[in-house]
Amino acid sequence: MSETPRIHLGSLLRTSSDAHAEGNLDHLTYLQGDAEQTLRFARPASFRVDVNALGGSEMYLQGRFEPTVIMECSRCLRDVEVPLDLRLGTLLRYDPSVEAPYLDEAESGEEVLVFGDPDLDLSAYLAETALLAAPLTVLHAPDCKGLCQVCGHDLNEGPCEHMAQVPVEEIDDLLGTPEGSAHVRQNPFAGLRDLKLPEE
């Protein structure tokens, strides 16, 4: 199993021949700012990449990446499996002065991956593609009860001693506002019938 997805572009840069790489990944390690991050997968994630020369220092990468990303439930922090089926496609530009690959914008407005090492590490590119495609938040179940606000107990496994002391609010998924006995939805148009228009 491959731990670092790489594609070797040395021959392509010299002879304009095509390049290919494929493998399976159990995780991806990438940098976010100065901190190293790990994107976890529930099972080996297959990737397949082909790169074709476009002329000069530019080329085009296309392929497929099928990770099942592990995310945290936004209420109880349990692991949630999120399957993704990603079609890859991006411009590449070779610049020998570049130390680490980075995404830039081409004159056409398209994204371009600029790199300086012909042994191109695709970790950051694949991780960013997966993160952009994944939902911002997930629930492990639609009726997830979340965690106790006092002790952090998972309320899906049963009540805790604090439930009698601290009311646990349910989340209204449609409006994102707390529901409870003290919360009454007001009609925004209530009271308009009592308004009087000034006499002409």
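**Chat about a predicted fold: strands, cores and a pocket**

Trainee: How many bridges join β8 to β9, and which way do the two strands run?

Mentor: There are four bridges, and the strands run antiparallel. β8 and β9 form a hairpin, with five residues between them.

Trainee: Which residue in that turn has a positive phi?

Mentor: G109, with a phi of about 95 degrees.

Trainee: What about the pairing of β7 and β9, parallel or antiparallel?

Mentor: Parallel, over four bridges. L92 has L113 as its bridge partner in β9, and R93 stands opposite V114.

Trainee: And β9 itself, mostly covered or mostly open?

Mentor: Mostly covered, with four of its five residues buried.

Trainee: Back to β7. How many bridges join β4 to β7?

Mentor: Eight, and those two strands run antiparallel. As an example, Q62 stands opposite G89 in β7.

Trainee: OK, new topic, packing. How many residues does the largest nonpolar core have?

Mentor: That core has 38 residues, and I7, L9, V51, F65 and L92 have the most contacts inside it. Several elements supply at least two residues each, including β2 (19-32), β4 (58-66), β7 (86-94) and α2 (123-133).

Trainee: Which element gives the most to this core?

Mentor: β3 does, with six residues.

Trainee: You mentioned F65. What does F65 touch, leaving out residues up to four places away in sequence?

Mentor: Quite a list. F65 touches L25 and L28, then F41, A45, S46 and F47, then L84, D85, L86 and L88, and finally L126 and A130.

Trainee: Let me pick a residue in β2. Is A19 buried or exposed?

Mentor: Buried: A19 is in strand β2, and its relative accessible area is 8%. That value is under the 20% cut-off, so A19 counts as buried.

Trainee: Which residues is A19 in contact with, leaving aside its neighbours within four places in sequence?

Mentor: I7, H8, L9 and L12 on one stretch of the list, plus V49, D50 and V51. Although A19 and V49 are 30 residues apart along the chain, their C-alpha atoms are separated by 8.3 Å.

Trainee: Switching to α2. Which residues of α2 are buried?

Mentor: S123, Y125, L126, A127, T129 and A130. Those buried residues pack against β2, β3, β4, β7, β9 and β10 (119-121). L126 and A130 are also among the residues that F65 touches.

Trainee: What about pockets? How much space lies in the largest pocket?

Mentor: About 490 Å³. The pocket is lined by 19 residues, and Y30, L31, S123, A124 and Y125 lie nearest its centre.

Trainee: Which element gives the most to that lining?

Mentor: α2, with seven residues. The elements giving two or more residues to the lining are β2, β8 (102-105) and α2.

Trainee: Why does D154 count as buried?

Mentor: Because its relative accessibility is 10%, and buried means under 20%.

Trainee: What polar contacts does its side chain make, and with which residues?

Mentor: The side chain of D154 makes a polar contact with the side chain of R78 at 2.9 Å, and another with the side chain of N156 at 2.8 Å. Not counting residues up to four places away in sequence, D154 touches C76, R78, G146 and L147.

Trainee: Is L77 buried or partly exposed?

Mentor: Partly exposed, at 48% relative accessibility.

Definitions and conventions:
Residues are numbered from 1 along each chain as its sequence is written. This is a predicted model: local features need pLDDT of at least 70, side-chain atom pairs count only at pLDDT 80 or more; totals for chains, interfaces and linings use all residues. Side-chain values use heavy atoms; hydrogens and water are left out. A nonpolar core is a set of buried Ala, Val, Leu, Ile, Met, Phe, Trp, Tyr and Cys residues joined through side-chain atoms within 4.5 Å. Buried means under 20% relative accessible area, exposed over 50%, partly exposed in between (1.4 Å probe, protein chains only). Contact means heavy atoms within 4.5 Å. A polar contact is a pair of N or O atoms within 3.5 Å; within protein, one must be able to donate a hydrogen and the other to accept it, and residues adjacent in sequence count only if both atoms are side-chain atoms. Two strands pair if DSSP finds at least two bridges between them. On a 1 Å grid over the protein atoms alone, a cavity is a set of points where a 1.4 Å probe fits but cannot get out, and a pocket is an open set with protein on both sides within 12 Å along at least five of seven lines; lining residues have an atom within 4 Å of a point. Grid points are joined across faces, edges and corners, and a volume is the space filled by probe spheres set on the points.
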